[in-house]
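Subject: Structure for your review

Dear colleague,

Please find below the structure that I am handing over to you. My notes on it follow.

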Amino acid sequence: MIANIGFGLLVITIVTSLIAVITAIYGVTSKTRAMLETSRLAALSAFPLLSMSIAALITLLLSGKFEYVYVYQTTSLSMPVYLKIAALWGGQQGSLLFWCWLLSGFTFIVLIRKWKQDHDLLPWVIVVTNITLFFFMVLVLFFENPFLKYYIMYNGEVITSLFQPFHAITAHPTDGSGLNPLLRHYGMVVHPPMLYLGFVGFIIPFAYAIAALIEGRTDDRWLKATRRWSLTAWLFLSLGLVLGSRWAYDVLGWGGYWSWDPVEISAFMPWLTGTAYLHSMVMQDKRGLFKHWNVALIILTFCLVIFGTFLTRSGLFSSVHAFSESQIGPAFFIFIAVMFVVSLGLLLFRWSRLSSGYQIKSFFSRESAFLYNNLLFLAIFAICLLGVIFPILSELFTGQQVTVGPQFYESAAGPLFALLLLLMGIVPLTAWSTSSARNLGKTVWKPALISLIFPIAAVILGARNWIAVIAIWLAALVICVTLYDYIRSIGLRAANHHEPWWKAFLTLTTRNRRRYGGYIIHLGVALMGLGIIGIEFFQTQTQAMLKLGESLDLSGYTITYRDFQIADTPDGRNVARVEISIARNNQELKVVYPRIDYYYDSEQAVTIPGLRTTLADDLYVILVDWEPVTSEAATIKAFRNPLMNWFWIGSIVAVFGTLLALWPSRERKLNTKEAA
Amino acid sequence: MSNNTTLPQNRSKENPAFKINKFVIGGVLLLAAVVVLVVTSLKGNAQYYLTVDELLASPPGQYSNVRVSGVVLGDTIEYDAQHQVLKFTIANIPGDNAVIEEMGGIAQVLHNASTDPSASRLQIEYHDVKPDLLKNEAQAIVTGQLGVDGVFYAEELLLKCPSKYEEGLPEQSQNSR
């Protein structure tokens with residue numbers, strides 16, 4: 001019954017999305033106000049309709065009605081409630097529905113808040129968002145229906161169907177197969193929704209850009225109206241990526257956080273173009289530059305979002321992220337191709353109207369720094385795209401599939417990341433419009449000199465890899481220059497306004513939220529860079545089979561195997577846990593408990609490391625294996641990841657910076673109050 | 001006199017071609033750097049992706065660094081935890097996605113290949129921690145090289161487990177009425 005209602009609501013939604021598209025186009029072309037209102041209502045209705053459908057699916061997931069295919073596949077009796085809810089996005093069907101729901105929700109917010117203000121653009125925004133919604137609803141309804149049930153035919157064959165076939169009886173499994181054990185983690189609650197919020201969030205600025213192109217509006221209104229959307233989408237996408245890294249670090253037990261797997265890259269690519277867009281957006285805003293470029297970037301980002309959604313679901317790649325293989329691949333390709341060609345066609349059609357009268361004058365100006373920032377992000381994106389599609393390309397041209405591994409991305413994109421750090425380092429000290437190498441040199445030498453302390457310290461501490469030392473210097477340069485510029489500005493303001501420094505700091509920051517928000521993000525990224533340099537260049541590892549009481553040494557630490565326990569848990573796991581003492585200079589620092597959880601229902605083990613984290617380094621200890629009979633000996637593997645903690649600290653700093661940049665300014669608040 | 005001093009300024013301010021050139025040169029340099037980076041990185045890190053059949057059919061020594069995909073035979077898994085030496089055997093599965101679809105999907109293909117005694121096999125040796133996902137009928141993707149002894153020495157091991165949903169149900173559903 002609940003499933004039938006849920007399904008019925010989906011059918012209504014696909015109809016309303018189609019109505020919204022048709023009435024919007026008709027309403028605009030015939031200038032009929034009533035039609036536009038109809039379109040708005042139809043578009044608005046998708047959100048409550050899908051919310052109810054989602055509620056129906058969650059009810060089923062919680063109820064443990066395993067006759068429903070999706071409930072059977074993603075939940076089991078032993079799973080806790082929070083994971084049963086998270087199972088909503090734990091499988092193909094549910095996650096597609098969740099995607100649709102987010103899209104309808106974002107459209108809803110735009111239509112509620114901006115209908116009067118952007119009345120000329122919004123009908124086209126409805127068209128774009130609802131065509132996308134329609135496409136995804138087709139997938140949900142005809143390919144990946146979350147409300148199917150198991151039936152047993154008269155010949156004993158089990159089939160899945162929406163309605164009861166003739167002579168068939170409902171199957172009643174007693175327990176579900178449950179979510180893949182790797183997904184049974186708190187990360188499951190936050191990582192996928194954040195990523196989806198980021199993905200879907202970029203559709204709104206894209207829809208505005210297309211609306212502006214269709215209407216022939218050449219001003220910056222589409223961009224300014226969606227500035228905060230873009231930043232919010234970027235924030236969620238960044239959070240999704242970082243949380244995914246943390247999850248991998250915490251449960252996958254290979255000592256790392258990022259493995260350049262195709263699905264990771266497919267979420268990273270829209271982040272790269274989205275980041276480029278955030279920067280070039282500033283240029284259009286402040287200087288009227290890059291108008292074509294911005295439209296092109298947001299089109300590219302949208303297509304990459306759809307491409308990323310597709311890659312995860314196609315089963316084309318082997319990955320921890322991959323869903324089971326599916327028939328929806330060709331549909332996705334057609335959709336991406338059509339959206340790409342139509343949007344690009346529109347851009348070319350409006351090309352001449354978009355040109356700006358401004359030229360970049362100086363090679364060392366801030367404008368050219370932004371230009372190079374964009375080129376670098378695009379270059380990194382191109383490398384990622386090439387790596388992902390290389391097997392397909394090579395098969396097309398040579399008949400042999402050739403793949404590339406993580407080393408390809410690291411050696412091809414690494415130097416470009418270093419150049420980005422360099423740009424980040426000098427950009428706060430460049431001036432708009434005109435600036436010469438000499439002027440830049442005059443301001444930059446002081447903080448640059450201070451920043452040398454970091455690489456010198458690294459060399460004294462034993463770093464001999466010159467690439468790593470240069471990378472450390474670049475990250476240090478960003479930190480020093482940004483802080484130097486900040487402190488200098490505070491000092492100037494304090495002197496000019498006779499304010500105490502803390503007041504100067506507050507007014508400066510709150511009056512220039514986007515500027516300082518951006519700098520704080522840069523600081524965070526530089527700190528993350530230190531973490532990446534630490535783990536990539538200075539990771540050490542060791543492994544040994546230890547008897548009780550024996551220990552192994554790793555970079556000055558003593559890791560002692562003290563105890564072993566094995567037991568079944570009520571939620572269907574067999575947990576093998578060792579007690580490990582971490583000591584340095586005969587002084588115990590921490591006791592950690594690496595373990596292996598074996599899930600009986602899915603016959604799969606999950607390795608969970610024991611972790612000791614400090615600002616200097618992480619000690620990451622894994623239980624590899626143990627002797628089944630005596631359980632006296634266990635194989636232990638340990639990693640030391642220097643500076644790793646700065647990666648997570650940096651990401652928190654970057655989030656804080658983004659929030660600062662997002663915070664509405666005072667004038668804006670006043671405006672809305674007056675309007676009310 | 002005044003002409004002499006203003007001329008160079010005019011040139012740099014009002015001749016956009018001069019200005020653009022500098023950026024074009026910068027852009028071309030960057031592009032060239034990226035191309036060089038990509039090409040050099042590809043040279044060292046690209047691996048042919050072969051099936052077991054293709055690898056065994058190739059003349060010895062043709063591929064120094066290669067990636068092979070096959071299905072894990074559960075009975076063959078041996079792990080020496082003390083020295084962290086993992087040995088197992090994989091059986092050939094088709095490499096073409098279209099063929100796999102035709103044969104009833106990857107889960108079916110893996111199941112058939114693991115029970116087919118005539119499928120060609122390859123012994124794998126891998127020196128590292130035994131991955132959690134290594135089990136019977138998992139799809140293994142190994143990167144490394146084929147030794148003269150016919151054993152494939154893997155440097156990297158990726159595993160992919162097909163969803164068991166399709167076959168998983170009948171047992172359970174038949175147990176309960």
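Contact, as used in these notes, means heavy atoms within 4.5 Å. This is a predicted model, in which local features need pLDDT of at least 70 and side-chain atom pairs count only at pLDDT 80 or more, while totals for chains, interfaces and linings use all residues. Residues are numbered from 1 along each chain as its sequence is written, chains are lettered from A and ligands numbered from 1 in the order in which they are written, and side-chain values use heavy atoms, with hydrogens and water left out.

I begin with S161(A). Leaving aside neighbours within four places in sequence, S161(A) is in contact with L148(A), K149(A) and Y151(A). S161(A) belongs to strand β2 (residues 158-161) of chain A; helices (H or I, at least four residues) and strands (E, at least two) are DSSP runs, numbered from the N terminus. With a relative accessible area of 16%, S161(A) is buried, a term for under 20% relative accessible area, with exposed being over 50% and partly exposed in between (1.4 Å probe, protein chains only).

Next comes the nonpolar core, a set of buried Ala, Val, Leu, Ile, Met, Phe, Trp, Tyr and Cys residues joined through side-chain atoms within 4.5 Å. The largest one has 168 residues, and those with the most contacts inside it are W99(A), F136(A), F147(A), Y208(A) and W222(A). A second, separate core of 26 residues includes V72(B), Y79(B), L133(B) and F152(B). Apart from neighbours within four places in sequence, F136(A) touches L96(A), W99(A), C100(A), I306(A), T309(A) and F332(A).

Over all chains, the structure holds 36 aromatic pairs. Rings of Phe, Tyr and Trp (its six-membered ring) pair if their centres lie within 6.5 Å; planes under 30 degrees apart count as stacked, over 60 as edge-to-face and the rest as tilted. F98(A) and Y196(A) form a tilted pair, because their ring centres are 5.9 Å apart and their planes stand at 45 degrees. This pair links helix α5 (residues 92-114) of chain A, which holds F98(A), to helix α7 (residues 187-201) of chain A, which holds Y196(A), 98 residues apart. F98(A) is buried at 6% relative accessibility, and Y196(A) is buried at 9%.

Y620(A) and F639(A) make an edge-to-face pair, since their planes stand at 75 degrees, with centres 5.9 Å apart. Y620(A) lies in strand β13 (residues 617-626) and F639(A) in strand β14 (residues 633-642), both of chain A.

Yours sincerely
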